[in-house]
Amino acid sequence: MEKKSTDNKKGGRPPKTSVSRKSKTVGVCFSEPELYAIKHRAKQAGLPLSIYCHDAILKAEIKEAMKKEDIQTLKGLANMGNNLNQFVKMARFTNLKTLEEESLKLFEEIQQIIKQLSHDWKNSKRKEL
């Protein structure tokens, strides 16, 4: 007859620390087509759905939303583009000198806005989560 060990040591892997243990869940709702697409991508990656979603969320690159000032600036550029289009139409009915003067004014305004946007975007810092 074999002797049973008297020490109560359990076999198997040691327990995970509270930092590495994944014990919290987050509920996310998807439409049927979205879920199908996610499952398809997970299958293509050769990963289970839960691991694919976990990695996709943690490794995703988050881009900061545009500021209100930038949106207003872009709307201003769009308005100027419309004005420029109207000047071109006006050229068909008026003399070209008037069109040239108005176009140069508009061109300078557009250049100022582009410089402003370029400066703002160049100096903005993206938040990394």
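A search of the whole structure finds zero disulfides, a disulfide being a pair of cysteine sulfur atoms within 2.5 Å. This is a predicted model, where local features need pLDDT of at least 70, side-chain atom pairs count only at pLDDT 80 or more, and totals for chains, interfaces and linings use all residues. Residues are numbered from 1 along each chain as its sequence is written, and side-chain values use heavy atoms, without hydrogens or water.

**Cysteines**
- C29 is exposed, with a relative accessible area of 77%.
- C53 is partly exposed, at 23%.
- Buried means under 20% relative accessible area, exposed over 50%, and partly exposed in between (1.4 Å probe, protein chains only).

**Helices**
- The chain has four helices and zero strands, in the order α-α-α-α.
- Helices (H or I, at least four residues) and strands (E, at least two) are DSSP runs, numbered from the N terminus.
- G46 follows α1 and has a positive phi, near 70°.

**Burial and core**
- Of the chain's 129 residues, 9% count as buried.
- In α3, the buried residues are D70, M80, F87 and A91.
- The largest nonpolar core has eight residues: M80, F87, A91, L99, L106, I110, I113 and L117.
- α3 and α4 (96-123) each supply at least two residues of this core, and α4 gives the most, with five.
- A nonpolar core is a set of buried Ala, Val, Leu, Ile, Met, Phe, Trp, Tyr and Cys residues joined through side-chain atoms within 4.5 Å.

**Largest pocket**
- The largest pocket holds about 600 Å³ of space.
- A pocket is an open set of points on a 1 Å grid over the protein atoms alone, where a 1.4 Å probe fits, with protein on both sides within 12 Å along at least five of seven lines; lining residues have an atom within 4 Å of a point.
- Its lining has 18 residues, and V26, S50, C53, H54 and I57 lie nearest the centre.
- α1 (32-45) and α2 (49-59) each supply at least two lining residues.
- The largest share of the lining, nine residues, comes from α2.
- By class, the lining has twelve nonpolar, four polar and two charged residues.
- Ala, Val, Leu, Ile, Met, Phe, Trp, Tyr, Cys and Pro count as nonpolar, Asp, Glu, Lys and Arg as charged, and the others, Gly among them, as polar.

Conventions
Grid points are joined across faces, edges and corners, and a volume is the space filled by probe spheres set on the points.
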